[in-house]
Amino acid sequence: MHNKLRWSFTLFIGLVFIILVLAVNGARLYTDWLWFRSLNYQSVFMTIIISDLGLRVAASATFFILLFINLLLTRGPLIKASQKAAVFKEDNLLTIQTSPLNKLLTPRLLLATYTALSLTMAFLFSFTVAGDWVTLQKFLHPSSFGVLDPVFKRDIGFYVFQLPFYQFLYNIASWTILIIVFWVSVTYLLVSVTQGTPGKLLQTMSARYHLSFLAAFFFLLKAAGYQLDQFALLFTHNGAVWGPGYTAIHTTLIAYKVLTYVAIVCALAILVNLILRRFKLIVYSIGVLLLASVLLGGIYPIFVQRFVVTPNEISMETPYLEKNIQFTRKAYNLDSIEKRDFPAGKVLSLDDIQANKDTVNNIRLWDWEPLQQTYGQLQEMRLYYQLQDIDVDRYVVDSRYRQVMLAARELNQEHLATTAKTWVNQRLKYTHGYGIAMSPVNELSGEGLPAFFLKDIPPVTATDLKVTRPEIYYGEMTDNYVIVNTKTLEFDYPRGDDNVFSTYEGDSGVNLADFMRRVMFSFSLGDYKLLLAGDVDNSSRILYYRNIKQRVPKIAPFLEYDKDPYIVLSDGKLFWMWDAYTTTDRYPYSEPYNKENNYIRNAVKVVVDAYTGKVDFYISDPGDPLVVTYSKIFPGMFKSLDDMPGDLRRHIRYPVDLFDIQAKMYAVYHMEDPQIFYNKEDKWNLSTEISASEEKPMEPYYTIIKLPGEDKPEFVLILPFTPQNKKNMISWLAARSDGENYGKLLAYSFPKQELVYGPMQIEARINQDTTIAQQMTLWDQRGSRVKRGNLLAIPIKDALLYVEPLYLQAEQSKMPELRRVIVAHGDRVVMEPTLEKAMEKIFGTSEGPSKPAAQPESGTQTQLNSSVADLAQKANQLYDEAQNKLKAGDWSGYGETLSKLKQTLSELVQSAGQ
């Protein structure tokens with residue numbers, strides 16, 4: 001009785017658990033449906049759900065039927081075996097004894113057992129196909145690439161859209177047959193045990209016939225697998241070639257063809273032996289196939305590669321290297337790069353600088369990392385605000401084309417005081433961030449801080465830029481759900497010692513119109529307090545999936561996304577722009593960029609309204625077959641780029657992630673001659689620079705320049721190259737972002753016989769400059785730290801100008817200040833407080849050209865050295881005095897001492913430069 005109660009209680013707990021799991025998952029499915037419908041993407045939701053569930057149901061149902069039928073075929077032999085008497089000899093007497101399994105292996109119980117086993121395995125099997133709905137839909141909606149592979153002469157669309165589905169079918173069929181063989185073998189093993197002959201699996205004729213038929217089917221399936229393996233050779237890598245080389249084409253491909261016929265012959269031999277009853281041939285067939293696989297698919301290709309190809313690799317692999325180069329360039333759009341020559345050794349004049357004012361006035365002096373710290377100190381205003389990411393963009397400001405840096409001021413609920421982290425505060429009150437901070441890339445205040453175009457709360461501007469809708473309900477830090485239009489007013493922004501409150505005016509989110517909907521959200525979000533909140537009424541709306549890095553992929557999980565979504569101010573409103581990519585690992589003869597995918601396009605631009613959360617997908621590359629297929633799968637989801645509002649479209653930019661991938665590939669695949677490519681004679685490297693006292697690869701950087709031969713400045717993305725194992729610059733790659741030129745790539749190459757200083761050579765010249773070295777050493781002592789900014793190579797006309805900012809940060813401060821700008825051009829390297837002064841020192845002013853500094857006479861050199869030493873000592877004393885006043889809280893004295901220190905440092909620079 002006690003055991004029966006315990007069993008009943010366990011069953012009850014299990015049923016309650018199952019009901020809760022089903023309730024939570026059902027609630028999430030329902031609330032997801034409401035969310036997709038609120039965004040007008042309900043058709044996308046239905047396509048995904050129907051495709052996923054349909055595929056899983058079809059796969060599991062097929063698996064159930066096949067396993068159940070095969071188990072039913074073992075039912076008769078198992079019942080007969082259980083009913084037979086086991087006869088054994090004991091003390092010279094024959095004893096007949098009924099099998100102990102007789103009571104268990106009844107027809108009804110066996111049927112129930114088989115059914116339960118088949119259902120359980122089918123349920124588990126359904127999880128193996130979860131997520132493969134994309135493969136199915138791409139198979140049903142293929143598109144043509146218009147390019148044939150060089151081996152089988154099939155359109156590349158076959159490998160991208162159809163071959164993956166065929167391989168999917170082959171894989172699930174293989175697993176199905178193996179699982180069936182396992183359970184059938186277990187059943188027949190049980191028969192042999194029941195008959196008193198354990199270990200003799202094929203004791204009965206039914207077992208022999210049954211397992212022979214399954215083996216024959218497996219061999220036929222293996223033949224189909226060998227056919228698919230032929231196509232998969234196009235994505236292999238062996239030796240010098242990405243894709244099938246000489247060995248793969250002349251040995252492995254032939255081996256797969258031969259093995260296909262071997263597998264078919266083995267299958268036929270097994271079927272014939274069902275009549276001849278020579279079941280040992282099954283074992284022989286398996287042995288023949290294994291032996292052929294090892295010899296033809298393993299030993300023979302290795303032999304050919306080592307003893308035939310490797311000694312003559314260049315000549316034998318040349319035709320395949322040509323294909324490798326051709327198709328990799330197509331896969332990464334490198335074949336569309338326009339090549340141009342860039343003269344070397346040119347020196348700019350003052351007239352050249354004045355003719356390119358738009359370029360000079362947009363040279364970026366602020367790096368994102370120090371600027372993020374400075375923004376945080378100056379513009380976060382309160383602990384719960386956070387400017388997480390610094391973005392680079394361009395705007396027309398007061399009729400001038402300006403490059404700017406900006407950041408969204410988001411609300412981070414994790415930074416609320418512990419006592420303020422109540423349910424009401426986190427769900428109803430602190431619902432949104434507020435506004436942006438924006439500054440030009442090249443301007444600074446008198447204290448080495450950024451000069452703001454937009455700042456403070458509410459937004460303050462000294463330009464024609466206006467923010468009319470500064471609230472940020474959707475962003476990169478909006479991880480929690482909130483409820484708006486409740487009886488609790490929302491915190492809008494702080495104003496002095498008071499707070500300003502507001503009510504959400506949008507129509508996004510899902511209306512909590514009735515109690516049952518609140519119940520469903522309580523289950524879905526795991527928050528029972530939503531049911532008990534008295535401030536939530538029928539007009540309240542719940543906003544969830546607010547983080548754009550969760551929101552956008554939930555709608556389009558089949559796309560890949562850039563690491564950096566960026567904030568955009570357009571017509572007074574705030575939007576997030578995010579670049580999305582279509583990728584595949586099935587492009588023939590193409591080298592993968594991440595050890596997996598070997599094709600990529602920036603086919604989609606995503607726009608998210610920071611206030612309403614509305615998400616729009618715009619096709620930026622209509623020639624990409626993958627996005628064409630996705631448009632077929634989800635009709636109406638993707639819009640033409642022409643439908644994007646004009647002001648927003650002016651802020652699309654060439655994405656850094658894609659450009660970085662293309663640049664790394666182009667560093668190798670600019671070599672189109674297979675022999676030069678094989679020897680890597682002209683391989684390039686990405687340029688490096690000094691960062692945190694270490695040599696690191698340069699990152700691509702945006703800038704506004706007037707490209708050589710062009711009439712007006714434009715927003716471009718740039719990255720320089722250096723030759724392998726050398727530091728001079730050999731080329732630079734530019735991606736255009738403005739207007740009709742968007743997406744065009746230009747490669748400017750220098751004459752190989754001319755020396756053009758590369759970034760690391762400029763860094764070395766900076767380190768060797770005694771004046772600069774002395775100044776940085778002085779700053780880097782006792783309580784302060786010098787940070788070297790990114791070194792930028794700025795093309796102007798037919799020459800290069802190098803610019804590197806220097807930041808100074810005190811130990812007690814988290815606010816780096818821009819204190820000096822280093823400019824290098826030709827044979828000159830100068831350091832000045834501003835870019836303008838540095839440019840004047842090199843190129844002079846309109847009143848007259850810059851003159852080289854006069855060499856001091858020998859009689860005055862000692863006096864000059866003494867003056868520099870005295871000023872340096874005075875600067876150290878003033879610095880110590882300022883630190884003491886800072887610790888004492890004497891802010892007035894601290895400011896006065898800093899002013900004296902600044903004057904002394906200026907005198908020191910002037911003396912050192914004499």
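A charge counts as sitting over a ring if NZ of Lys or CZ of Arg is within 6 Å of the ring centre and within 35 degrees of the ring normal. You are looking at a predicted model, in which local features need pLDDT of at least 70 and side-chain atom pairs count only at pLDDT 80 or more, while totals for chains, interfaces and linings use all residues. Residues are numbered from 1 along each chain as its sequence is written, and side-chain values use heavy atoms, with hydrogens and water left out.

Another charge of this kind belongs to Lys-680, whose charged end sits over the ring of Phe-677, 4.1 Å from its centre. Elsewhere, one aromatic cluster includes Phe-139, Phe-152, Tyr-159 and Phe-235.

Now for the backbone. Asn-40 is not a glycine, yet has a positive phi of about 65 degrees. You will find Asn-40 in the loop between helix 1 (2–38) and helix 2 (42–73); helices (H or I, at least four residues) and strands (E, at least two) are DSSP runs, numbered from the N terminus. Asn-40 is exposed, with a relative accessible area of 62%. Asn-333 likewise has a positive phi, near 65 degrees, but is partly exposed, at 26%. A cis peptide bond joins Ile-457 and Pro-458, with omega about -10 degrees.

Finally, turn to strand 31 (residues 731–736). Six of its six residues are buried, so the strand is largely enclosed by the rest of the structure. Ser-731, Leu-733 and Ala-735 point one way, and Trp-732, Ala-734 and Arg-736 the other. Strand 31 pairs with strand 30 (residues 714–723) in the antiparallel sense over six bridges; two strands pair if DSSP finds at least two bridges between them. Pro-720 has Trp-732 as its bridge partner. Five bridges join strand 31 to strand 32 (residues 745–749), also antiparallel, and Ala-735 stands opposite Leu-745 there.

Technical notes: Rings of Phe, Tyr and Trp (its six-membered ring) pair if their centres lie within 6.5 Å; planes under 30 degrees apart count as stacked, over 60 as edge-to-face and the rest as tilted. Buried means under 20% relative accessible area, exposed over 50%, partly exposed in between (1.4 Å probe, protein chains only).
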